[in-house]
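Biologist: I would like to learn how to read a model like this one. Please show it to me, and then I will ask about its features.

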Number of protein chains: 2
Amino acid sequence: MERDVFSALADPTRRQVLDLLTRRERAAGELGRAFPQISQPGMSRHLRVLREAGLVQVRQDRQHRYYSLRSERLAEVDAWISKYRGFWGTELDSLEAYLDGSKKAARGKRT
Amino acid sequence: MERDVFSALADPTRRQVLDLLTRRERAAGELGRAFPQISQPGMSRHLRVLREAGLVQVRQDRQHRYYSLRSERLAEVDAWISKYRGFWGTELDSLEAYLDGSKKAARGKRT
DNA sequence: ACGGTATATATCATTACAGTTATATTGTCG
DNA sequence: CGACAATATAACTGTAATGATATATACCGT
């Protein structure tokens, strides 16, 4: 179990699945139909990878399984990439401002 | 060439290399020595993957090759993950803590 | 040019992964 | 119960990624 989040994100189909889930939760079959080039078991496996990475959660309603996003792991990825934000401009400042705290944040990282 | 950024980020060693490069540029050998469990050619290949993904650039000085971060692709990843930022709107605490403390990294934080 | 250092490529074995077909599980309905 | 729908797992296949050893290329000092 315990699957790596970054590895889960490495597959373009899985990233597209996550994109679809930003709108609303979706049943497994609905997601499968959104990718006609992939078989039903294939999609089921992708969903399992996303599940084991903690990127999605499932809610079972009758014979349907509804997938939706889980924020925690996505936030981890965001936290990781945020370390590099100082390298492409001043976006960090706006983020800093957004974080009201202004407790210091990672400054002085400009080359 | 054109290699997928997310696939390049899927490997933990390569992510650690990027982490090292946030501080300053480093020679290939310096990076290799930071990972004793990986052979010199192994590190060279990791660096190639990062290069082909556009995540790093190389500057050659004498017999040394100095690797440093390239912001463009990292910014792409950041743009992608930003689509999900609305999903943990008020739960930005983890990110805040990450930028703030930097001592107790937010990675490995089980929820 | 020679020997040493720094780094990359070639080749090969092993492993991981995406995709397929077939089958199993679980739930619904008549 | 029997048939069907929704989803997951099993077994297999081809491909790509990883890591190691050996070798090649490039640069430096003497």
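Biologist: Which backbone atom of B:G29 lies 2.6 Å from DNA strand C, and what kind of oxygen does it face?

Modeller: A backbone N or O atom of B:G29 is that close to a phosphate oxygen of DNA strand C. Keep in mind that this is a predicted model. B:A28 also uses a polar backbone atom, 3.4 Å from a phosphate oxygen of DNA strand C.

Biologist: How many residues are around DNA strand C, and which come nearest?

Modeller: There are 21 residues around it, and the nearest are A:R14, A:H46, B:G29, B:Q40 and B:Y67. By class, five are nonpolar, ten polar and six charged. Elements that each supply at least two residues here are α4 (40–52) of chain A and, from chain B, α3 (28–33), α4 (40–52) and β3 (64–69).

Biologist: What surrounds DNA strand D?

Modeller: DNA strand D has 21 residues around it, with A:G29, A:Q40, A:Y67, B:R45 and B:R62 closest. They divide into five nonpolar, nine polar and seven charged. Look at the polar contacts next. A polar backbone atom of A:A28 is 3.4 Å from a phosphate oxygen of DNA strand D, and a polar backbone atom of A:G29 is 2.6 Å from one. A:Y67 uses a polar side-chain atom, which lies 2.6 Å from a phosphate oxygen of DNA strand D. Two or more residues of this surface come from each of α3 (28–33), α4 and β3 (64–69) of chain A, and also from α4 of chain B.

Biologist: Which element gives the most residues to the surface near DNA strand D?

Modeller: That is α4(A), with five residues.

Biologist: How should I read the fold of chain A?

Modeller: Count the elements, then follow their order. Chain A has six helices and three strands, and along the sequence they run α-α-β-α-α-β-β-α-α. Then ask how much is buried: 47% of the 111 residues of chain A are. Contacts tell you about sequence distance. Among those in chain A between residues at least 6 apart in sequence, 46% join residues at least 24 apart.

Biologist: Which residues touch the most other members of the largest nonpolar core?

Modeller: The core has 51 residues, and those with the most such neighbours are A:L18, A:L55, A:Y84, B:L18 and B:L55. Helix α5 (residues 71–82) of chain A contributes the largest share, five residues. At least three core residues come from each of domain 1 (5–69) and domain 2 (71–111) of chain A.

Biologist: What does A:Y84 contact, leaving aside its neighbours within four places in sequence?

Modeller: A:Y84 is in contact with B:R15, B:L18, B:D19, B:T22, B:L69 and B:L74.

Biologist: How do I read a helix such as α2 (residues 12–23) of chain B?

Modeller: Start with the general idea. An α-helix has 3.6 residues a turn, so residues three or four places apart point the same way. In helix α2 of chain B, the buried residues are B:T13, B:R14, B:R15, B:V17, B:L18, B:D19, B:L21 and B:T22. Then look at the N-terminal end, which B:D11 caps: a side-chain oxygen lies 2.9 Å from the backbone nitrogen of B:T13.

Note on methods:
Residues are numbered from 1 along each chain as its sequence is written. Chains are lettered from A and ligands numbered from 1 in the order in which they are written. This is a predicted model: local features need pLDDT of at least 70, side-chain atom pairs count only at pLDDT 80 or more; totals for chains, interfaces and linings use all residues. Side-chain values use heavy atoms; hydrogens and water are left out. A nonpolar core is a set of buried Ala, Val, Leu, Ile, Met, Phe, Trp, Tyr and Cys residues joined through side-chain atoms within 4.5 Å. Buried means under 20% relative accessible area, exposed over 50%, partly exposed in between (1.4 Å probe, protein chains only). Helices (H or I, at least four residues) and strands (E, at least two) are DSSP runs, numbered from the N terminus. Domain bounds come from an automatic or database domain assignment. Contact means heavy atoms within 4.5 Å. A residue is near a molecule or strand if one of its heavy atoms lies within 4 Å of it. A polar contact is a pair of N or O atoms within 3.5 Å; within protein, one must be able to donate a hydrogen and the other to accept it, and residues adjacent in sequence count only if both atoms are side-chain atoms. Ala, Val, Leu, Ile, Met, Phe, Trp, Tyr, Cys and Pro count as nonpolar, Asp, Glu, Lys and Arg as charged, and the others, Gly among them, as polar.
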